[in-house]
Amino acid sequence: MDIVPRGGGSNLRGSCVPNNSIILDLSKMDKILDIDVERKTADVEAGVILEDLNSELEKFNLEFPVDTLSKEICTIGGMIATNAAGSREIKYGRMRNWVEELDAIDGKGNFRKVSKNDVSDFSGMEGLTGVIIRAKLKLIEKPKRTSSIVQSDSIEEIIKIIKKLKLERDVSIIDILDRRVSSLLGWKYRYHLIVEFESERGKIKGEEYCKINEFRERIYFQLASKEYYVLEDARFFIDKIEDFIVYLEEEDIPFFGGMGIGVLHPCFKANDKKRIEMLNLVRKLRGKISGKFGIGIQKKEFLDDIEVELVKRIKLRYDPGLKLNKGKIVDLSKEDIKTKKEIEKVQEDEEEIGFVGKAEESLIEISETEETQEEGLNGKTPQKEIEEFLDEVIKKEIDYMLESVKLEKEKREEEKEEVKIVEEVKPHLEISKHEEEEDSGRERVENFDKLLKQQQAGRLNLKRPATSAEEKALIDRILGNTLKSKSKESENDS
Ligand SMILES: Cc1cc2nc3c(=O)[nH]c(=O)nc-3n(C[C@H](O)[C@H](O)[C@H](O)COP(=O)(O)OP(=O)(O)OC[C@H]3O[C@@H](n4cnc5c(N)ncnc54)[C@H](O)[C@@H]3O)c2cc1C
């Protein structure tokens, strides 16, 4: 049986749905342990509800700035685990930017003090790597806010305004309501922008501002009461978002969302078939299927190979026995468990030769010490390290292709010479052979050019062959070195 950590249960992706599991409810761990007004930090237990924290902070004119629309129910632990994004993401970023440190229990039952550098091993992992029990959060001084409402019949005009607003530092929210959502909520059938400023610039101030803010916060609940309770969270760069909006309009799908960060919430009634079609289109337009609400059990199939690989590695590092939140984000296959067993076997071998080190669950931990774990390896987070490792693998693949293309060209030159000579004797046969090879050579060169262009454009997404061979080689190399140096040491000792 696995253990499913649960905060407020407000996630929208089935991230804490049990499946023959034990649910670990953290909602009773709801104490605010300390508020340091001078340093602007708060020390809280994982089950503290966001709204409760902010009500307490208000007494000191402080605020925790990641402000989700589920603030009345979501907990700090759940927000860290999902790397929640508030309405003011354009100004304040996401949850993990605001965590100074956290305490967690990993899948092996070990207590871990996690520093800022390694927060991403838990934040965004939806409870797969550990149960968060406490966190130290950064705070801000509560700013004065005002807002403005812009309306237009033209989406082009709205996008122009958004592009300008995005550059302004005091803008904290740019929310769009399309014409359908506007009219469903009782406004005119026009596009509306609700813009929030952390300054006096907005025309709507004081009590009026509070009313507008409350209206904005209740948009989802109002739509849900009209049966539009399935909420998506597609994310785009602003240039692509226009194409997506054209599609939503053509298909008559109502939407609202945070245009400052390029997240749109198309809304659907239950079992609307257009939803899957829309998700596929998001992928085609190179948008992110889950720009805000996480993956859980609902969005697993939309992750690409590299994302899956990264999550699996981090998961196995902290929870090799697969005790936590089984089946969320990724499915771990027998092969992955075999890798884990292989690593355990290596551990046993090491123990046999008396290596008492931190050669634990994974490739990365093999090269880490207790201290580097807390401070990040060479100042890098494990995730960063994995990314660098993948870059290295990809680079090797490109080098390999470059080399093969070179060889191919040389071979073709040589063969041209050969063909010239043989041409006189058996022209037809040899020429056709040569053409065949030239075709396959050309194809490889073209493929390589394509790959290189993709890489230069920074969107290389190689469908790499399973990296296990590479990984194994690297593990062997590291372990080989470790074992060699250990046995040298023991030779020297004896
Ligand atoms: C109306 C509505 C509005 C929303 N608005 C937003 C929004 O603006 N921005 C946003 O990002 N999300 C939003 N959400 C989604 C949701 O509220 C967030 O994902 C929130 O962070 C979940 O917190 P929770 O405490 O409810 O976590 P839960 O739903 O209980 O759990 C979420 C995930 O975190 C894990 N988890 C929970 N607690 C812990 C812990 N202590 N340690 C380890 N793992 C843990 C669970 O296993 C699960 O995988 C909204 C949801 C609703 C219903």
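**Figure 1. Antiparallel pairing of β3 and β4 in a predicted model.** Strand β3 (residues 32-36) runs antiparallel to strand β4 (residues 41-45), and the two are joined over 4 bridges; strands are DSSP E runs of at least two residues, numbered from the N terminus, and two strands pair if DSSP finds at least two bridges between them. I35 has A42 in β4 as its bridge partner. The hairpin has 4 residues between the strands, and K40 adopts a positive phi near 55 degrees. Residues are numbered from 1 along each chain as its sequence is written. Because the model is predicted, local features need pLDDT of at least 70 and side-chain atom pairs count only at pLDDT 80 or more, whereas totals for chains, interfaces and linings use all residues.

**Figure 2. The shell of residues around the ligand.** The ligand is surrounded by 38 residues, of which G7, G8, G77, G78 and G127 are the closest; a residue is near a molecule if its C-beta atom, placed from the backbone, lies within 6 Å of it. Two or more shell residues come from each of β1 (3-6), α2 (76-82) and β8 (130-138), helices being DSSP runs of H or I with at least four residues. The largest share, 5 residues, is contributed by α2. By class, the shell comprises 17 nonpolar, 17 polar and 4 charged residues. Here Ala, Val, Leu, Ile, Met, Phe, Trp, Tyr, Cys and Pro count as nonpolar, Asp, Glu, Lys and Arg as charged, and the others, Gly among them, as polar. Domain 1 (3-141) and domain 2 (146-298) each supply at least three residues to the shell, with domain bounds taken from an automatic or database domain assignment.

**Figure 3. Positive phi at N271.** Most residues other than glycine have a negative phi. N271, which is not a glycine, has a positive phi of about 55 degrees. This residue lies in the loop between β16 (263-268) and α9 (274-284).

**Figure 4. Positive phi at L322.** L322, a residue other than glycine, has a positive phi near 50 degrees. The loop between α10 (305-318) and α11 (334-352) contains L322. L322 counts as partly exposed, with 17 C-beta neighbours inside 10 Å.

Technical notes. Buried ≥ 20, exposed ≤ 12 C-beta atoms within 10 Å, placed from the backbone.
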